[in-house]
Structures are given as C-alpha cells and as structure tokens.
Amino acid sequence: MPSKGAAKEESAKIARAFGVVSAATGASRVFGLLRDSLTAALFGASGVMDAFFVAYRLPNLFRALLAEGTLTTSFVPVYSEVLEKEGEEAAGKLGRVAFTALFLFLCLFVALGVVFAPFVIKLMGMGFYDSPEKFSLTVTLSRWLFPFIGMASLTALAGGILNARGIFLYPALAPVTLNAVIIAVTWLFYSATNPPVLALALGVLAGGTAQFVLQLFPLRSTGFRFYPDFDFGCAHLKKIILLAGPSIFGVAVYQINILVSTLISTWLPEGSVSYLYYAERLFQLPLGVFAVSVGVASLPSLGRLAARGEMEAFRHTLGHSMRMIIFIVLPASVGLYAISSPLVSLLFQRGLFTASMAEDTAVVLRFYSVSMAPIALCRVYAQGFYALKDTKTPVIGAFLSFL
C-alpha cells in the first residue's frame, strides 16, 4: 500500500509538473517559430545563414553535452538524493561546489573555443573551403557565439536545483526568454550591424544571459545562497562526474549525427544547411512540448523513488510517463508528415524565403517526422535509467542508434 500510494503521489506530481513545463515549453516553441520566421524572412536559406548555423552547431553541441548530458541527467538525481537523505545544508553545499567547479571549467573552455575557432570550423565546415568569405564569416560568428555555452550551462545547473525542489516554471520559461530576446535584438540591430547576421549572434548572447538571470530570483527564494566553494574533493561531486561520463557520450552520439549531417550538407548546394535546420526546428516542436516536458517532470520523482528504494512505485511511475508520451506523440508524428508542405510554407515562406526553399525544407521534415515516436519514447525511458544512476544502458542504446 505505501508503494502504491507513493506511485500515485509521484504520478500526480509528474502530471502537474508536465502541465507547467509543457505550457511553458509550448510558449517557448511558439517564440522559437517566430524567431525562425523572422530570420527566414530577413536572410532566407542563404549562404549567410548556412554560415550562422554551422557556427551555432558547436556551441549548441557543447550546450547539449553539458546542460543535458551532465547537469540534467547526472546532477539532478544526485542532488535529489542528497536533499532527500541529508537535508538542506548538504544540498546547499553540493549546489555551491557544483556552481564553482562549473564556472571555472566554463571560463577555460570558452576561452579555448574562441582562440581555436578557425581550426574547429575547418573540421565542421570543410565544404566552405572553396568560399573564403563564407569560411571567414563562419569563424567570426563562432567566436561571437561560443560564450553562449557558459550561460546556457549555468542556466541548466540553476534549473536542475529548482526542478529537484519541485519548481518547474522558471526553468521552463528560460527558453521563452532566450527566444524573445533573440527576436528583439535581431530586429533592433539588424540594420546597425555589418554584416547584419551579427545582430542574430548578439541576440543569442543577450538571450543566454537573460535566461540565466531569470533563474536567480526563484533560486534565492528557496534559501540557496551562492558563494565560491572549492571543496572539489566532495564525494557527491565525484559521483556526478562519474555519472556524467556515460551521459555525455550518450548525448554526444545524437549530436554527432547532427554534426555529420551538417558537415555533409556544407558540400551540398547553398541553403542545404538551412533546410536541415528549419526542418529540425519543426520536428523538435512536439518533441520539446511533450517528450522533453515529460522527461523533465518525471526525473525528480523517479529519482526520489529510487533513492527510497520503492521500485514498484518506480515502475508504475515510469509506465505512467510512457503512456502519456504514446498517447500524444503518435498522432503528432502522423500529422506532421501529412501537413509538412503547407506548414513550412505558412511559417517560413515570406521575404527572402522562397517557395522552392519551403518545399526542400518540407522534404527533410517528412523524413524527420517518421522517427518522432521512437525518439520520444527513448527520451523518457532513459530518464528511468538516469534516476537509477545507470548511465551506461542509455549510452549502449544511443551507440546502436548511431551505427
């Protein structure tokens, strides 16, 4: 009976958290579509946008590795366990040590990224070799965008602490803030920058800073106080790092797929990188609203049940999350495939984004939509392994997927 009661309680928490996260994520995706619609109208599927998307791939890759690979799947279960078993003081110390270690690492990492940007772009944008001007622009944009990794990763850590404490609204609103600021800055500075695409890079930096600042107010209301703590020998931090290795590799497999696609598309006709980007954005809309929301909402609950050893309730809660996903994502996948052409035309076909560009994007989107259901299920199912601190099994699945 206690186990069933715990399962019902955690399932109810997940449902409430899912409502908050999915609503905020839905708002974020709407703002994301507005942002992409604006950039499509201003720049089209052009060589300039190809350069921006290639430059943005690397910061986005490491943002995913750090924010999703380490801070979400490794930090949240450990922090939840410490909060559950050792109380507020131990959890606060872990948060401060994690912030200190992450900040120092990011300072070094971002500096190296800015310095070695030309070498990185040589690997990622080999197809741009024949266009020195495009290659140079890609390097410049990469240097502007690299600091975004730092702000996104700090945002993810703050959001992880809030999620572990049952606060989901502000972390979920972070992407809304990011997209809203990108839209505003791009629109305001488009005519004032040379080349104009620099306004988009400035928007990403400003948006990344704004979403981190948004987390600080609710974080302070929980009683968390930050000051540097250099106790890097902390056993809990070591546990997070050990869990992070396989988690990073698992996320890296998916990102490597994207990097390979981007690399190949740099040899294809101009605009191909942009077609892949815009199609992926639409593909990620239902995934972000539903699969990611359920995953974010379920991880703290699963982590608490795993920490208490209530495995029957754990299985029931995970099954509940899976059923929520199947109910929503299967029809979304069919619908996205069926209306791909009119959807792309409605959202992007204006300004410099032509009808032929819209149709090429729709072709890519149809291929993406077929994979939506299995990707969504894997995303949620993996959370169960992460809650059990088993980061190896999801990696094996991701590696097989990559092959």
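Mentor: Helices here are DSSP runs of H or I with at least four residues, numbered from the N terminus. Ser265, for instance, lies in helix α9. Keep in mind that this is a predicted model.

Trainee: Is Ser265 buried or exposed?

Mentor: Buried. The relative accessibility of Ser265 is 3%, and the cut-off for buried is under 20%.

Trainee: What does Ser265 touch, leaving out residues up to four places away in sequence?

Mentor: Ser272, Val273 and Leu276.

Trainee: Zooming out. How many helices and strands does the protein chain have?

Mentor: 15 helices and zero strands.

Trainee: And what share of the residues is buried?

Mentor: 55% of the 403 residues in the protein chain.

Trainee: What about contacts between residues at least 6 apart in sequence? How many of those join residues at least 24 apart?

Mentor: 86% of them.

Trainee: Let's do helix packing. What do I look at for a pair?

Mentor: Two packed helices are described by the angle between their axes and the distance between the axes.

Trainee: Okay, α6 and α8. What are the numbers?

Mentor: The two axes come within 9 Å and cross at roughly 25°. So α6 is roughly parallel to α8, since angles under 35 degrees get that label.

Trainee: Which hand does the crossing of α6 and α8 have?

Mentor: Left-handed.

Trainee: Which residues meet there?

Mentor: On the α6 side, Phe148, Met151, Ala152, Leu154, Thr155, Ala158, Gly159, Ile161 and Leu162. On the α8 side, Val204, Leu205, Gly208, Thr209, Gln211, Phe212, Gln215, Pro218 and Leu219.

Trainee: How do the residues of that contact divide by class?

Mentor: The contact of α6 with α8 has 12 nonpolar residues, six polar and no charged.

Trainee: Now α4 and α5. At what angle do they pack?

Mentor: About 125°, with the axes 9 Å apart. α4 and α5 are therefore oblique to each other. The crossing of α4 past α5 is right-handed.

Trainee: And who meets whom between α4 and α5?

Mentor: Ala117, Pro118, Ile121 and Lys122 from α4 meet Phe135, Thr138, Val139, Ser142 and Arg143 from α5. By class, that contact holds five nonpolar, two polar and two charged residues.

Trainee: Switching to electrostatics. How many salt bridges does the structure hold?

Mentor: 12. In general, side chains of opposite charge can pair when their charged atoms come close.

Trainee: Give me one. What does Glu88 pair with?

Mentor: Arg165. The closest N and O atoms of Glu88 and Arg165 are 2.6 Å apart. Glu88 sits in helix α3 and Arg165 in the loop between α6 and α7, so the pair ties together parts that are 77 residues apart in sequence.

Trainee: How accessible are Glu88 and Arg165?

Mentor: Glu88 is partly exposed, at 48% relative accessible area. Arg165 is also partly exposed, and its relative accessibility is 23%.

Trainee: What about Glu270, which partner does that one have?

Mentor: Lys134, with the closest N and O atoms 3.8 Å apart.

Trainee: Are Glu270 and Lys134 buried or exposed?

Mentor: One of each. Glu270 counts as exposed at 53% relative accessibility, whereas Lys134 counts as buried at 16%.

Trainee: And what is the N to O distance between Glu359 and Arg366?

Mentor: 3.4 Å, in a salt bridge between the two side chains. Glu359 is partly exposed at 35% relative accessibility. Arg366 is partly exposed too, at 21%.

Trainee: Last one. Where is Cys234?

Mentor: In the loop between α8 and α9. Cys234 is buried, with a relative accessible area of 9%.

Trainee: How far is Cys234 from Ala98, in sequence and in space?

Mentor: 136 residues apart in sequence, and 9.7 Å apart in space, C-alpha to C-alpha.

Notes
Residues numbered from 1 in each chain as written. Predicted model: local features only at pLDDT ≥ 70, side-chain atom pairs only at ≥ 80, totals over all residues. Heavy atoms only, no water. Salt bridge = Lys/Arg side-chain N within 4 Å of Asp/Glu carboxyl O. Helix = DSSP H or I, 4+ residues; strand = E, 2+ residues; numbered from the N terminus. Buried < 20%, exposed > 50% of the residue type's maximum accessible area, 1.4 Å probe, protein only. Axes fitted to C-alpha atoms, helices over the stretch in contact; angles between N-to-C directions. Parallel < 35°, antiparallel > 145°, perpendicular 65-115°, else oblique. Left-handed = near helix turned anticlockwise from the far one by under 90°. Contact = heavy atoms within 4.5 Å. Nonpolar A, V, L, I, M, F, W, Y, C, P; charged D, E, K, R; others polar.
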